Amino acid sequence: MVTFYKNGNIHTMDDSKPMVDTLLVEDGIFTYVGTEEGAMDFLKNSDKDYEVVDLNNNLVLPGFNDSHMHFVNYAKSKEKVNLTGTKSISEIRERLSERLAKSDLSSTNWLEGIGWNHDYFTDEKRFPNKFDLDDITEEVPTLISRACFHVGVLNSAGLKAFGLNKETARQQYGDQVDFLPDGELSGIVKENLLGDVKSFVSSSDKTDLKKTIKNAQCDAFALGLTSVHSDDIGYSPDNNYDVLFNTFKELNDSDDLHLRIGEQCLLKNESLIKEFFGKKYGYGFGNSQYRVNCVKILTDGSLGARTAALRHPYNDDPETSGIQMFTQDELNGMVLASHSHGCPVAIHAIGDKAMEMTLDSIEYAKKTDPSHNPRHGIVHSQITDEALINRMKELDVLALVQPIFIDYDMNIVYDRVGKELASTSYAWKTMIDRGIHVSFGTDCPVESFNTMNNIYCAVTRKNITGEQKKTYLPNEKLSMNEAIKAYTLAGAYASGEENIKGTITPGKLADFILLDRDLFNLTSEEEILDTRVLETYVGGKKVYSR
């Protein structure tokens with residue numbers, strides 16, 4: 001059966017035919033894109049039965065594609081204590097205490113909270129520590145993660161359960177662990193150490209994981225997301241990617257997986273990357289519903305936590321330049337190991353030092369093995385100067401950016417890195433004008449995967465939260481067309497799937513959405529924030545209706 005969609009305000013994101021009013025969909029594929037008259041002629045020639053759907057002149061776009069997030073972590077975070085918006089350590093304790101009073105937890109269960117940001121505290125602008133959490137409970141192991149997910153805090157029971165002690169912590173984890181002046185552990189853990197703790201805490205088996213993924217995908221559809229690039233291995237049981245991919249397969253086989261998930265496989269060293277390929281995983285493993293997009297590498301931390309790696313000390317804390325997760329030789333080896341298997345890397349790099357090291361490693365891989373040319377990318381690509389942006393273009397490196405980040409970061413970037421560097425950072429318009437492939441994501445659950453908030457920040461360069469509107473580098477505003485392309489076609493390009501999705505084009509997967517207003521003809525840019533998804537289709541199947 002063919003479905004005949006007519007009377008639509010359809011922006012295809014295909015430059016060869018940018019606007020049409022009619023679609024034909026059959027077996028999950030766009031078979032015709034054009035006019036109602038042309039569709040009728042097409043159907044006459046094919047002699048097929050069809051049903052008609054009136055789009056009521058609503059805006060139709062290709063499904064949104066989030067180019068970097070943590071979908072499984074988001075799904076699991078719905079069950080944790082929400083600490084977003086807390087204004088003090090006392091308020092964190094109150095929220096945790098409320099959950100503790102309602103839950104039947106013991107020394108074998110964990111109490112988890114996420115989303116606090118010490119920059120918003122109105123009293124002491126510091127990280128919480130184990131003593132703050134011990135005041136709530138000394139028996140139940142507790143972990144609270146900062147909004148950036150690069151810093152966490154354990155109570156004493158949590159430190160004991162994980163097996164972290166002052167005698168071995170420094171040797172094992174270096175500056176990823178924090179000490180008090182008396183040499184005792186503060187409970188603060190950072191970067192890979194926090195990742196190890198989160199993996200240790202994770203208790204989901206495959207049955208729970210399937211249920212979690214199945215339920216959470218509905219939230220994505222409500223915001224127009226049909227595809228996501230997701231870093232999930234660290235949130236699967238015991239960091240086991242076999243379990244993760246088997247879970248996806250079983251969900252797909254039972255027709256319960258409708259969100260298209262491309263995995264950015266976080267692997268922490270060269271030997272693990274080689275082991276991954278040795279187990280016959282590789283770029284494109286899977287199918288159009290779930291697949292391996294790339295190897296993910298984490299090179300530094302976050303700007304908010306001052307763990308992003310900078311070339312020079314922080315402007316507002318000269319005692320630190322952030323955290324470099326690898327030496328240049330180590331990073332070179334990891335990138336080359338993936339590159340030589342024809343698999344792209346997506347490298348988390350926020351600070352300008354991390355950006356420099358990342359570009360050096362990609363250049364090293366390209367020169368060492370020119371027989372492969374995968375589409376390597378940099379996740380975040382935040383703190384840049386002209387030279388770094390030029391190198392990204394020269395090396396044909398993708399930028400997987402999160403426009404929503406400026407909502408918070410515009411308040412700290414000048415303090416963190418100084419005026420000169422802040423004036424060339426988060427430079428998405430400059431990147432696009434230079435010919436760099438820029439795709440949009442949200443890093444959810446670091447930020448909500450609210451697509452309209454992301455688009456708003458991209459086209460206005462304004463904040464969403466806060467008491468007054470501010471504008472950060474207005475010269476870096478994107479047009480609405482550029483923003484939508486970054487959220488659709490560019491996301492497909494980043495995973496090498498631009499031939500099957502990302503535009504409304506005959507022969508491509510019928511992933512599309514209907515919106516309640518025309519983003520290209522708004523009376524006020526603030527209307528972007530009020531725009532809602534009416535319907536979401538994946539492979540021609542309606543998976544969400546408002």
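# Reading a predicted model, feature by feature

Me: Where is the place of methionine 1?
Reply: Methionine 1 sits in the segment before strand S1 (2-6). Strands (E, at least two residues) and helices (H or I, at least four) are DSSP runs, numbered from the N terminus. This is a predicted model, in which local features need pLDDT of at least 70 and side-chain atom pairs count only at pLDDT 80 or more, while totals for chains, interfaces and linings use all residues. Residues are numbered from 1 along each chain as its sequence is written, and side-chain values use heavy atoms, leaving out hydrogens and water.

Me: Does methionine 1 count as buried or exposed?
Reply: Look at relative accessible area: under 20% is buried, over 50% is exposed, and in between is partly exposed (1.4 Å probe, protein chains only). Methionine 1 has 61% relative accessibility, so it counts as exposed.

Me: Why is helix H7 called largely enclosed?
Reply: Count its buried residues. Helix H7 covers residues 191-201, and eight of these eleven are buried, so the rest of the structure largely encloses it. The buried residues of H7 include Leu193, Leu194, Val197 and Val201. Glu191 and Lys198 of H7 are also buried.

Me: How many salt bridges does the count come to?
Reply: The rule needs a side-chain nitrogen of Lys or Arg within 4 Å of a carboxyl oxygen of Asp or Glu. By this rule there are 40 salt bridges. Take aspartate 253 and lysine 249, whose side chains meet at 2.7 Å, N to O. Both belong to helix H9 (residues 241-253) and are four residues apart, about one turn of the helix. Aspartate 253 counts as exposed, at 54% relative accessibility. Lysine 249, at 40%, counts as partly exposed.

Me: What does arginine 391 form with aspartate 360?
Reply: A salt bridge, with the closest N and O atoms 2.8 Å apart. Arginine 391 lies in helix H13 (residues 386-394) and aspartate 360 in helix H12 (residues 352-368), so this pair ties together parts 31 residues apart in sequence. Arginine 391 counts as buried at 19% relative accessibility. Aspartate 360 counts as partly exposed at 29%.

Me: Which other salt bridges can I look up?
Reply: Lysine 542 is partly exposed, with 43% relative accessibility. Glutamate 535 is buried, with 18% relative accessible area. Then find the salt-bridge network that links Asp119, Arg146, Arg306, Asp316 and Arg416.

Me: Which residues lie nearest the centre of the largest pocket?
Reply: On a 1 Å grid over the protein atoms alone, a pocket is an open set of points with protein on both sides within 12 Å along at least five of seven lines; lining residues have an atom within 4 Å of a point. The largest pocket is lined by 46 residues, and Thr84, Tyr120, Asp407, Val446 and Glu447 lie nearest its centre.

Me: Which element gives the most to the lining of the largest pocket?
Reply: Helix H14 does, with three residues. Four elements can be picked out: helix H2 (71-77), strand S9 (81-82), strand S10 (111-116) and helix H14 (406-409) each supply at least two residues of this lining.

Me: What should I look for in the backbone?
Reply: Most residues other than glycine have a negative phi, and most peptide bonds are trans. Now see the other cases. The peptide bond from cysteine 444 to proline 445 is cis, with omega near 10 degrees. Proline 445 sits in the loop between strand S21 (438-440) and helix H18 (451-460).

Me: Where does asparagine 57 lie?
Reply: In the loop between strand S6 (50-54) and strand S7 (59-62). Asparagine 57 is not a glycine, yet its phi is positive, about 65 degrees. Asparagine 57 is exposed, with 52% relative accessible area.
Lysine 280 is not a glycine either, and has a positive phi of about 75 degrees. Find lysine 280 in the loop between helix H10 (270-278) and strand S17 (290-298). Lysine 280 counts as exposed, at 70% relative accessibility.

Me: Where is the place of glutamate 138?
Reply: In the loop between helix H4 (130-134) and strand S11 (142-146). Glutamate 138 is exposed, with 55% relative accessible area.

Terms used:
1 Å grid on protein atoms, 1.4 Å probe; cavity = no way out; pocket = protein on both sides within 12 Å on 5 of 7 lines; lining within 4 Å.
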